[in-house]
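User: Could you take a close look at one helix and its surroundings for me, and spell out the terms as you go? I am new to reading structures.

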Amino acid sequence: MTVWKLALREIRHRKFSFLMGVISVATAVACLVGAQTLLRADRVITEQLLTEKQSEIEDAVAAKEEAVKQAGAELEDAMRKHMKGLGFNVLILPIEQSRSELLLNGMTASMPESYVDKLASSKIVSVNHLLPSVSRRVQWPEHNREVILIGTRGEVPILHRGLKKPLLEEVAEGKIVVGYEIHKDLKLKVGDKVTFKEREFTVSALHPERGSTDDVTIWINLGQAQEILGMQNLINAILALECGCTGDRISVIREEIAAILPGTQVVEKYSEALARAEARAKAKESAESSLTREKESGVALLQQEEQARNQLEQQHAGFASVLVPLVLIGSVVTIFLLALMNARQRTEEIGILRAIGFKSKQIILVFLSKAMLIGIAGGLAGIVLGFWFGWSLGGVASNGINWQKLFEADSLTLTIAMAPVLAIVLTGIASWLPALIAARQDPAIVLQSS
Amino acid sequence: MLLQLDSVSKTYKDAHSTVHAVEDVSLQISEGEFVAVQGPSGCGKSTLLLIAGGLLKPDAGTVKVDDQDPYSMTPDSRAEFRAQKIGFVFQQFHLVPYLSVLENIMAPGMAANCTSSEIRERALHLTERFGLADRRHHVPAKLSSGERQRAAMARALLNQPKLLLADEPTGNLDHENAETVLNDLSEFAANGGAVLLVTHDERAVAHAQRGIILQDGKIATASAVSGAE
């Protein structure tokens, strides 16, 4: 017969009282462990979310960086191709054509149309396509408006290169190609008949808006234009396309053309390739700026997320800091009352034990042994319940967190390790006074009253 | 002398009255002596028994059990002294309800700091002796009154006390069971122990060697009982 056996027998006899004690301790321990688990889960989830977010942002930025890098490489490549393939375009003008006049009133000087044939039959290498043309700002009397008339015979093939697909087709005789502003104003459609300077033409093409002098230009066959303008066998310019040279390109072209056509001058024409390159440069600049914005927005997003998580953690911590002490106090009070009730229930029994020779410390031990058993049972149940509670409420499973991560910090491990000790101390403290009261009972009074 | 009470008095006081439960009582009981105390209800019999048992300190007088004054000891020493020297048997049995018969019998062993095996051996022997062998694992609620009182007797004898104090041990028993208990008390005295029995039961008095009649807390008559062995 031992104190433990006595305590166990009494527990078996008064199961409800023991169960109430265990529930009370389990509640307190569950609150403590649950709060710690929840707070730890919050921390782990925050770390994980922020790491994931950081990784997402880094991936997005890396992708963006790659895109910008690729755009840069593409741009460089495109520039190289354009410069190599298209090169840039030049205008071959009569030497007497004034540049100021050219810019103010268009082409005013002329040169023989045979120049283009001379150039085409030469061994020229710095230009690829030749387009002779006449061009003049004229009145369209039938519609009482000014237009730029361009006569073109299409591309003149450079003989030593063999036949290539022409970049620009010739405008056939009797056909007219109309710029945007003109066909818009005159409501022209392809196939419409128009009269220009008493000659009838069929509209063969309508140009879309280009935002240049092309919008107020009409194109007809070179021969017909020469006839209208009284410039038979004369042209105003030869447009040389896709000039492909390296180094100081314009001087190379000028040198080569001057050798073939001494009475001409070469003027660099603004190249679409350059425009495209500029557009791409702008695009790259925009992508880089977008990349910077992406980085900034990523950092802001990360901060926002961290702030939100911190706020949630603080809310949980605040709640726990109020709830846990309250439940602990409530539990101590409950255990105290249960132990007191137990001491009262056992008055006669303790009186007898005292009468047959039990010392007061043995009576206290009987009570404290029971308290310890309540503490152990309640503590263990509380750990399981609390961990489950914190696990569920903290969303550990739903966030795909490995439970071992929760124990990486010492705080939770320590709490769980110390919880049974705390539970035993808690029940011990709560049971101490009732045990003392029981131990100090006067057996004579008990025996007399019974 | 195993029990010696010299001029012992005990008074109970409350706001309304003062009761002299025991007044100037002197009593000696030697080894092997069986003494019965009789008297009407409220005459102080139970108080005298509690004083003799080291459970209730008298207001005046001295108490010696086996030449030692239990009231000069600390409460815990007195408890240990009780466990070793005195056995109690009560009318209400006062068995611990959640312990089996065997465990109830073994309980005083804990108080006397005996070894477990020794306690168990003695307890088993007592269950045999009191005819409780087949009831040793039963809780008191499952026993008859006679069995309960026999269990209480066995418990009182576990630590082999020198003095047995019995307060109306036959009060709740039928004739047969009462006779068994009284025979056991007589046997205890015959084996060298001292018995102080408080009772109303004339049959019980017949088993005693000496009878004392208590009246208003005082010894009215003290005489040898004719039926005593």
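Predicted model: local features only at pLDDT ≥ 70, side-chain atom pairs only at ≥ 80, totals over all residues.

Analyst: Residues are numbered from 1 along each chain as its sequence is written, chains are lettered from A and ligands numbered from 1 in the order in which they are written, and side-chain values use heavy atoms, with hydrogens and water left out.

The secondary structure of chain B consists of seven helices and nine strands, where helices (H or I, at least four residues) and strands (E, at least two) are DSSP runs, numbered from the N terminus. Of the 229 residues in chain B, 56% are buried; buried means under 20% relative accessible area, exposed over 50%, and partly exposed in between, with a 1.4 Å probe and protein chains only.

The helix to look at is H3 of chain B, residues 101-111, and B:Glu103 has its place there. Although Glu is counted among the charged residues, B:Glu103 has a relative accessible area of 8% and is therefore buried. A polar atom of the side chain of B:Glu103 lies 3.0 Å from the backbone nitrogen of B:Ser100. For a polar contact, a pair of N or O atoms must be within 3.5 Å; within protein, one must be able to donate a hydrogen and the other to accept it, and residues adjacent in sequence count only if both atoms are side-chain atoms. Leaving aside neighbours within four places in sequence, B:Glu103 is in contact (heavy atoms within 4.5 Å) with B:Tyr98 and also with A:Met1, A:Lys5 and A:Arg9 of chain A.

How does this helix meet the next one? Two packed helices are described by the angle between their axes and the distance between the axes. The axes of H3(B) and H4(B), the latter covering residues 116-129, come within 9 Å and cross at roughly 135°; axes are lines fitted to C-alpha atoms, for helices over the stretch in contact, and angles run from 0 to 180 degrees between N-to-C directions. That angle makes H3(B) oblique to H4(B), since angles under 35 degrees count as roughly parallel, over 145 as roughly antiparallel, 65 to 115 as roughly perpendicular and the rest as oblique. The crossing is right-handed, a term used when the near helix is turned clockwise from the far one by less than a right angle, with left-handed for anticlockwise.

On the H3(B) side the contact includes B:Leu102, B:Ile105 and B:Met106, and on the H4(B) side it includes B:Ile119, B:Ala123 and B:Leu124. The residues of this contact divide into nine nonpolar, two polar and one charged, where Ala, Val, Leu, Ile, Met, Phe, Trp, Tyr, Cys and Pro count as nonpolar, Asp, Glu, Lys and Arg as charged, and the others, Gly among them, as polar.

In the loop between strand S5 (86-90) and H3 of chain B sits B:Phe93, whose phi is near 70°, a positive value in a residue other than glycine. B:Phe93 counts as buried, at 7% relative accessibility.

A:Glu198, however, is exposed, with a relative accessible area of 75%.
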